Amino acid sequence: MIKSIVVAIDSTESSARAQDYALALAKRYHAEVTGIAVLDVPWITAPMATPIGGGYYKEHRDATVMAEHRETLDARINAFRKLCESEGVPMRAVESEGVPAQQIDQESDRHDLIIIGRDTNFHGVKGHDIGDTVEQLLKDNPRPVLVVPPTALGPGNGAVIAFDGSNQASRAMQMFHLMGLANSGPIHIVSVDEDGAAAEAKAACGASFFESHGEKVTPHALQASTEIAATILNTVENLDVGMLVMGAFGSHSLMHQLFVGSVTKQLIRACPIPVFVHH
């Protein structure tokens, strides 16, 4: 069961939705939320081409930018505190300096779940793609990560489990269940394979896990050799669920490079609902 959540705080719309989502989950599971805002000093102070004698200007510029960013971080943390107080959610607030993914990684050791907006970057850059910090956390962090898009409305009912029979997908499915998230609504197991019989076998296997815990689950066996991401996304939209759960798709050659393969990026980039990822 979820007892503690760490949520990343920056200026993007997806970060705002991630905070809302974190508070909603915290209220549902009586958990504590830690908000973390990071001053990316290495990014601000990165070397850049300067004219002869421009070193002083660069140092002055870096100091000015960091001072401005610290003020901004203070404001975001204060706003987060007020939000938690208004919702009656117990909270902690952390302001740190360094590489964002590393700072979140260190903080996550004491928490059950990381929640982060899909395009969170801590640099004030607006966009709708996957932020570098998000990609690094997906690759390296042992905790499950919930990636929230800017369109998320809050915890919905039910989930789609993208299950391909791999160890990563199996661990993601089990962690989703152990954290108590499976009790939020109907569960759908979606398995995609170019061989229809293989897809049916995988979907049945995934469904049997939840059935062994007395939970209702619906298996979906989908036959496809290409457009795997589109097939899963269409199913997600048709079923009107609140979360997509996934690990790595080990049975597909595109996915052997964990969280670098194009299918995973397509799913996270285009999914209209939060994506729960564990590996």
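Predicted model: local features only at pLDDT ≥ 70, side-chain atom pairs only at ≥ 80, totals over all residues.
Local features are taken where pLDDT is at least 70 and side-chain atom pairs where pLDDT is 80 or more, while totals for chains, interfaces and linings use all residues. Residues are numbered from 1 along each chain as its sequence is written, and side-chain values use heavy atoms, with hydrogens and water left out.

Helices (H or I, at least four residues) and strands (E, at least two) are DSSP runs, numbered from the N terminus.

The neighbours of β7 come next. Strand β6 (residues 159–162) runs parallel to β7 and is joined to it by four bridges; two strands pair if DSSP finds at least two bridges between them. Within this pairing, Ile 161 stands opposite Ile 189. From β6 the chain passes through helix α6 (residues 167–178) to β7 in a right-handed β-α-β crossover. Right-handed means that, with the strands pointing away from the viewer, the path from the first strand over the helix to the second runs clockwise. Strand β8 (residues 217–223) also pairs with β7 in the parallel sense, over seven bridges, and Ala 221 of β8 is the bridge partner of Ser 191. Together, β7, helix α7 (residues 196–211) and β8 form a right-handed β-α-β unit.

The spaces in the model are found on a 1 Å grid over the protein atoms alone: a cavity is a set of points where a 1.4 Å probe fits but cannot get out, a pocket is an open set with protein on both sides within 12 Å along at least five of seven lines, and lining residues have an atom within 4 Å of a point. Grid points are joined across faces, edges and corners, and a volume is the space filled by probe spheres set on the points. The largest pocket holds about 220 Å³ of space. Of its 14 lining residues, Leu 153, Asp 240, Val 241, Gly 242 and Ile 273 lie nearest its centre.

The second largest pocket has a volume of about 170 Å³. It is lined by 13 residues, and those nearest its centre are Asp 40, Asn 121, His 123, Asp 132 and Thr 133. Helix α5 gives the largest share of this lining, three residues. Asn 121 is found in the loop between β4 (113–117) and α5, and is buried, with a relative accessible area of 11%. The C-alpha atoms of Asn 121 and Asp 132 are separated by 6.7 Å, although the two residues are 11 apart along the chain. Beyond its neighbours within four places in sequence, Asn 121 is in contact (heavy atoms within 4.5 Å) with Asp 10 and Thr 12.

Finally, there are three cavities of 30 Å³ or more. The largest cavity contains about 60 Å³ of space. Its lining includes Tyr 21, Phe 176 and Gly 242, and helix α1 (residues 13–29) supplies the largest share, three residues.

Methods. Buried < 20%, exposed > 50% of the residue type's maximum accessible area, 1.4 Å probe, protein only.
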